[in-house]
Amino acid sequence: MVRLELDQVVMRRMKEDDIEIVKALIKEGCEGTENRLILHILTRPLCLFVLAVFSSVLRCLVHSFILALAIPVFLLIVFLKITMPRSTGVLGSSRPYWDYVGSSYRETQDETLLNPYSRISGRTPVTKKPRRRTGCKEKEMSSEKITPEREQTAGQVWVAECEGEIVGCLFRESETRAGITRICRLVTGCWYRREGLGRLLLQSLENREREAGAHRVYAHVPYPSKVGEAFFKKVGYLQLGEVENEEEEEEIKKEIPEKGFMGYPLTKVFYKDL
């Protein structure tokens, strides 16, 4: 485990040079999430009943009990792999892949989040300039046309950087309702977990959104993710629907969890009032 100095972490907007690193970080952070979601769906009572019916019908055509049982399950898994958005479950986004290029920051001066730990320690975070990657992928990305509409739809990606290394990222979706902020990705590097980095990213963004006039933050957590659920509850979030009142019922209609095969929810919605 590598000890992370939180007062030396710089939280800034993602740039085009960071895109491949952020993609790799997310791939590492969500490893196995899709398989757990598929297992969650397969073990629902209604899904098991449908599979049992198909197996019974298939048993009349195939003279093998094992094949009659395995074929429907295999076909359903392939179907879910193809149709399930890969971003769902990583704090849920309905888009299969977000527009990395559109959400990258292209100003000369970095846009940063305030790090409260640096104010306490009195130390100024130092950012080492990473080596610039040259290659065909970067040329393709830089040649793409970026429009204001595309940027607005893409939202914002914030990365946590320490000594020139990107150690975490947080994705804020574009605004769809006034005063509402929606977080759909929060990933930290495997070597920097349980160090307070996720909390630092989240709380720094909350402070920025509060100053901008937001009054509530939503976060979508994968349904079978106990770690993500425990994390958001620990930092003061409540699960939508746990408290029954008129305001909650109205919000449930507006903030709908991601749903998959046969309408089963794939994410749990958490919220926090700022």
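Predicted model: local features only at pLDDT ≥ 70, side-chain atom pairs only at ≥ 80, totals over all residues.

Residues are numbered from 1 along each chain as its sequence is written, and side-chain values use heavy atoms, with hydrogens and water left out.

**Sheet.** Helices (H or I, at least four residues) and strands (E, at least two) are DSSP runs numbered from the N terminus, and two strands pair if DSSP finds at least two bridges between them. Eight strands form an open sheet of mixed pairing, in the order 2-1-3-4-5-6-8-7. Strand 2 (112-113) and strand 7 (238-239) stand at the edges with a single partner strand each, so one side of each has no neighbour in the sheet. Seven bridges join strand 3 and strand 4 in the antiparallel sense, and A160 stands opposite G168 in strand 4.

**Cores.** A nonpolar core is a set of buried Ala, Val, Leu, Ile, Met, Phe, Trp, Tyr and Cys residues joined through side-chain atoms within 4.5 Å; buried means under 20% relative accessible area, exposed over 50% and partly exposed in between (1.4 Å probe, protein chains only).

| Core | Size | Residues named |
|---|---|---|
| Largest | 25 residues | V9, F232 and Y237, with the most contacts inside it |
| Second, separate | 15 residues | I26, C30, C169 and F171 among them |

**Helix 2.** Seven of the 10 residues of helix 2 (residues 33-42) are buried, so this helix is largely enclosed by the rest of the structure. The buried residues are T33, E34, L37, I38, H40, I41 and L42; their cover includes helix 3 (45-59), helix 4 (65-83) and strand 6, where contact means heavy atoms within 4.5 Å.

**Pocket.** On a 1 Å grid over the protein atoms alone, a pocket is an open set of points where a 1.4 Å probe fits, with protein on both sides within 12 Å along at least five of seven lines, and lining residues have an atom within 4 Å of a point. The largest pocket holds about 960 Å³ of space, a volume being the space filled by probe spheres set on the points. Of its 32 lining residues, T188, R193, V227, G228 and F231 are the closest to its centre. Helix 10 (226-234) supplies the largest share of the lining, seven residues.
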